[in-house]
Amino acid sequence: MRTKEMIKRYMRFSIVLMGMAIAMLSCKKDYEAEPLENVTIEYVFDPNDSLGTNALRFLNSMYADMFPKSVSRNRVDGNLLDAASDDAISSNIEDNEASRLAKGQYSAYDRVNSDMIWGDCYKNIRAANVFINHIDVVQVNDSKFDPLPSGLTVKRTWKAEARFLRALAYFELLKRYGGITLMGDRVLELGEDVELPRDTYEACVDYIVQEMDAIQDSLLAYPVPSPSRNSHRVTKGAAMALKARILLYAASPLANGENIDGSNPLTGYPSFDAERWARAAEAAKAIIDLQTYALEENAKEIFTRQYNKEIIFFKQWGNNKDIENANGPFGFGTQIGGEGRTSPTQEFVEAFPMNTGEPINTSGNYDPNNPYTNRDPRLAMNVLYNGATWLRTPLQTFDGGRNKPGGTELQTRTSYYMRKFMGDFEEASQYSEVQRDYILFRYTEVILNYIEALNEYSGPVQAVYDQLQALRQRAGILAGDDGHYGIPTNLSKEQMRDLIRNERRLELAFEEHRYWDIRRWKLAGEVMGKPLHGMQITQSAGMLTYNRVEVFEPGFTSNMYFYPIPDSEVLKNTHMKQNPGWN
Amino acid sequence: MKKFLVALFLGGMLFPLRWASGQETDSLEVLYDRAPVKTFLGARTTLVSDQLTTTPATGYLPALTGRMSGFYTQQNQGFRVMNTAVNYNVDAFLGNRPIAGAGVPSENTEYNISLRKQSPIVVIDGIQRDIFSIDPENIESITVLKDALSTIALGQRSSRGVLLITTKKPQAGKTRISFTAQAALQEPLNLPKPLPAHQFAYLLNEALTNGGNQPAYTEEQFELFRTGTDPLRYPNTDWYDQVLRKTAPLMRYNLSANGGGKTAQYAIALNYTDQLGLFKESPEVAYNTNSSLKRYSLNTNVNIRITDRFTLGMQIMGRIQDGNEPGVGTQNLLETLKKTPNGVYPIKNANGSWGSTSYFKDNLLALTTNSGYRQDHLKDVMANVDLRYDLNDWVKGLSVKATTNVAVQSLTGIVRERKEPTYQMVVGSAGDTSYNIMANAVAQNNDFNTVFNARYWFGQVSVNYERDWAEHHFQASLMGDQRRTLFNYDLPAVATNLTGKLSYDYQGKYMAQAALNTSGFNRYRPGYQYGLFYAFGLGWNIKKEPFLQDGASWLDELKLRGTFGKTGNGVDNSGYYEYRATFMATDGRIGSGVYSAGTERSELRGYWENTYLPNVRTWEGAYKLNVGFDAAFFGNRLQWVADAYYDRYFDLLQTRGKSIEMIGIAYPAENIGKTNIKGLESTWTYQQQLGDVGYFASANLTVEQSKVVFFDEQQQRYPWQEVTGLPMGVRMGYIADGLLQSMEEIENGASTVGYDAQPGDIKYRDLNEDGVIDQFDRTLISSTKPLIYYGFTLGFRWKGLECSALLQGVTNRELYLNDRAIHGGFLGFGGYEQAYEPILDRWTPETAATATYPRLTIGNSHNYAESSFWIRSGNYFRLKNVQVAYSFPASFTEKLRLNGLKLFANALNVSTWSAYKGQDPEVPTGAYPLQRVFNVGVNVNL
């Protein structure tokens, strides 16, 4: 073959080949190099975003992620946290997270995940720090927002809200673990030293208190402008209430004087200081003195009406039947619903006085064969008992009754169902949606914090009596001839302490207070160290017989006053000290 | 089957050889090419059509079990799992929003497969595509490539080995038409054995009273269950009988044509598969509610010789696959079946309505037959064009080749679910019967979902130069390719490779090969996208040495070979641009928002810091060494192929050891792990033709072991807690020392915090002797012995009669009995779910000496903690596959004007011996069961 011919032939071929190669290698850029829907921090905190839209979205997510992560009262494996206290037990006889908490069936390794939160709180803290560190670049135009009181700017308010949410996460950690690592404003990246030691209990308390003091005047005050849009936001009252609560915890025996580990600064203060009670009382008093919050006349409505004057801070929930479906009495059929997951204990029922305010064991009116008549009206607000009207029918929680039929399905183990938080369904034919918020701070708690601290510091002074009477008056206790609502006069400090603690138990029942209160009072060992009871009611020939029976055996050892730090965190972090008794 | 016959009638003398061992004569399929057998240096195993078609199944994976050394399978479902779920989040404002980087879901939902403990890359006719759903009849050969040199051209995907599928190719000749029809019956194996209602009632009472609770049933009720005198209120329904058929059919039809002249050749294959599932149907329901699979596939290949130097190959492959299942979904139905006790409600109440209770709201039979149906529809087309141009008359030995492939794939789902109302029958004290509605009727809905849409493009150009200089054979090639996948909303995934190869041999006696590859992927951080990989191999054909040429006539072949290379495993594990710190809109918690504002509760939208910290993530690497030999003896009657390998995997993606949660965000996977995998593989084949009788026996054996070299394990308190140095995937837990027999034993032994042990509970060993059972007592409880698996194939033929059988087994495997429904029972929150026969062996004071299970309890966490108590041997040995076939003699078929006629029968999972009898050794309890399949068929050749 002649060379020329060959060149000619292969020229054509080479062009084709080159064309293919070019087509392959020099593809026009059709797509972005990195996905644009995954935005970067410059987009979230954009200096030109005068409405702060994306920054605000970031803050919204922080609200969504704050404790409790998923909004439900039945957040402990389908149970209330209070089902792990002496107020109630889980209706589920299987081992569940509430029964494990009540029995102390857990370790640093084998954790009760629904309440032993750790990483989630540090996620909240990190998010707050990201926000605090970056919000300053955004040039927010205040005139586009609801007018603010003088001295406030939108950005300043947002930043203060982020700092509150961060403090709330620290408080949830402190309550569970004692002193924990304070991160400051740092946002750690991969490769930075995360092997940080724990800070002392005292340092954590001081940090949260300082933070609250620093931000309280940067926040909206109650009532917020346009509650229809802003009622969910952190307010000055919320910051003050968190401060009051943490100071109360810090002044309580567990941290103050009865440290479970001698002078271990992680589990409390090394020694007692009565002034801590003074600070706690003062912080609570400051909220009362605002005179913006007040007791709701109808205590049931606190949980069924939005933004009532008692609510200080809450997590948004919604209009739903969640509480009724999960905890409503069993036996009304699947169309109405009610799984009866919570069984209040006999101990709890016995804590309610008579309607005169006298305890049942000292009152002559108490009839063991008719145990629910002439009782404190709050009993019926909290507990559904045999014979109580519910959904237009008297409840039957005697053995074999409609609401406690026996057999294989989940039902009360104590003959009681929980009533609290529910709508007024006594005379309704079925459940309907209830306006519901997950209340984290409310005014009644502030009052109870105040009188507890005040009594500890100053003894039962008149202010203590006055506030107690106000609570009992609201509760519907008979005023009595002396107008003291059954509160004896001239009580000793110790007697008053018991009365306040009992009042707190009744007022704040099922709101995740009792579980922590028996810890900070250092009573858990005693209270959770003995069997819990229910009522066994038997019916024969139309007569009811009441028998107090053991239903559950909790367990508690002194190391359980604080949860164990996750085993993995101790293993990975050479500076992380485990809580005493959890190695 | 068609191939079998083509081989039988056209293959002539070659047939027995191919039949037995799958050895091609002189060249074999390798990645992107064919290569001569005599100079091949890697580790591979090949199966040809005849070995695949004896297995009655809808895909080719079932045919591979036990036939290939180094290739391990475990079936985990007896039927394909349908996919009707959407691949996006629905957003009220923005419409459908992508779930980014979801990736193409695998077609293989029934088998866990591993090739030298890696998940192999499937290459089908030169294209990387995870296609498993192809009828074995359409496949010419399947080869696994296991070493570094054979797979290096895959670059970042070269670590995992290759499963190379070659469909039937055109062959010149007279037109040959082959038709095969097959019909099979599938029968479920090893179903769990539920307790009859009275035993359930008795044991539930026992479990309740053991925990100090009130019994649930009275003695009267127990008697009513036992005698069955009141079947409406005290029923005893064996739901497995009610819900499942005894057998289900499987039909397959194949039509193929093959032939052509000098200029053009073609091969066409049509396939129709119709498989029914095991669920019963109601005669009153007009439409199909049972699980089913219908597949239509077409594969055409055309080769055209345009000029003497220029050839063109074209292939079009298309599939339509329609799945069906009961409206509630197969998994859901199987779960309900597992948990519903026999005595909890009657199938139908006295008034003919469906029975139920408030806990078991749905009637199981109503779910099976009257819950509507759901379907998925797969449509799949791929087209290949291959161009080869021979430049021999320009530069001797030079040729170029170009391949391009486009493919589209879409999966859609239809959900037409409905529910019928169910009622609980209540008989009052006065004998009055009332019916309480438990579940409302749900009208049939009609949802259409696009599960995914994908587009694939692959292009490859190569230049090849091959030349002999005297006794020196030399070959060089340079190849570039790119693969783009466009999946749903994702940005395209682009993988690029450039590979150069050199190969040299002297007289076919000394061989050396080397390859260099650079490979990139666009979803890694810029600067970390590319990797450099290499491999080389050496071979020595000793038989060609003069000292073995004479005098060693018993030895026909002896070739030593070895390869070593650095390979990569990226692309599939890249994640979706996960190296960046990004923020995502995280809505959908409250309506379409993340939180709500004010008393109006108007929805607020959110942004979250994404799950990952900024990081560097790139491909994983491996150094792979393989040495082996190929030997043949006694006139090629005995062949022996053996390989040993040592693979070190490094830069494995793992979370760092110090992933401390206080950082407040999830840690990303980083390239830190190191693992060794080593093994031995050997295959022996003996075959002989004695007059009319031909027979063969083949055995393969694999031993494999792994070792975790580094995974950034933190300093454990006790040495027995350490995992580094142990094989991959070991199980840690407590060591169980039988059952506690007395209170004294409990008081003197270690305790578990918060748990009051009773006689009959499991006794755990207190390794650190602190009196408490906790995490410090957890240690290795699984075996560390190397996994061994093996297979035997045997066959003979005599005139037109052929028989073959495959036996296959696994040793040093363990099962962990973690299905608490089966091994504990009475689960549920608000009701007590079904219990099964194993718990009859529970501890009671009377059976204390012989009990093999702990005492019965409700929801006990102590006895079901991870411990050696629940470990059983997972060894098994199956008669996996047998086939008998008869081909009518030519003298007979000629009268019918046929080229061939064959009748055959075969079976799958014929018989199993397993060390633990309580469940199937492969398919876990509660999954769609394993099936025994009996199949008959006919093949006609025109």
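1. Two strands are taken to pair if DSSP finds at least two bridges between them, and strands (E, at least two residues) and helices (H or I, at least four) are DSSP runs numbered from the N terminus. On that basis β16 (residues 310-326) and β18 (residues 372-390) of chain B run antiparallel and are joined by 17 bridges, with B:Q321 standing opposite B:L378 in β18(B).

2. This is a predicted model, in which local features need pLDDT of at least 70 and side-chain atom pairs count only at pLDDT 80 or more, while totals for chains, interfaces and linings use all residues. Residues are numbered from 1 along each chain as its sequence is written, and chains are lettered from A and ligands numbered from 1 in the order in which they are written.

3. Strand β16(B) also pairs in the antiparallel sense with β15(B) (residues 292-305), over 14 bridges; a hairpin of four residues connects the two, and B:L298 stands opposite B:G318 in β16(B).

4. Between the chains, 76 residues of chain A are in contact with 71 of chain B, contact meaning that the C-beta atoms, placed from the backbone, lie within 7 Å. The chain A side comprises 32 nonpolar, 27 polar and 17 charged residues, where Ala, Val, Leu, Ile, Met, Phe, Trp, Tyr, Cys and Pro count as nonpolar, Asp, Glu, Lys and Arg as charged, and the others, Gly among them, as polar.

5. Chain A is divided into domain 1 (1-69 + 117-195), domain 2 (76-113 + 322-432 + 525-583) and domain 3 (220-308 + 439-521), with bounds from an automatic or database domain assignment.

Note on methods. Contact = placed C-beta atoms within 7 Å.
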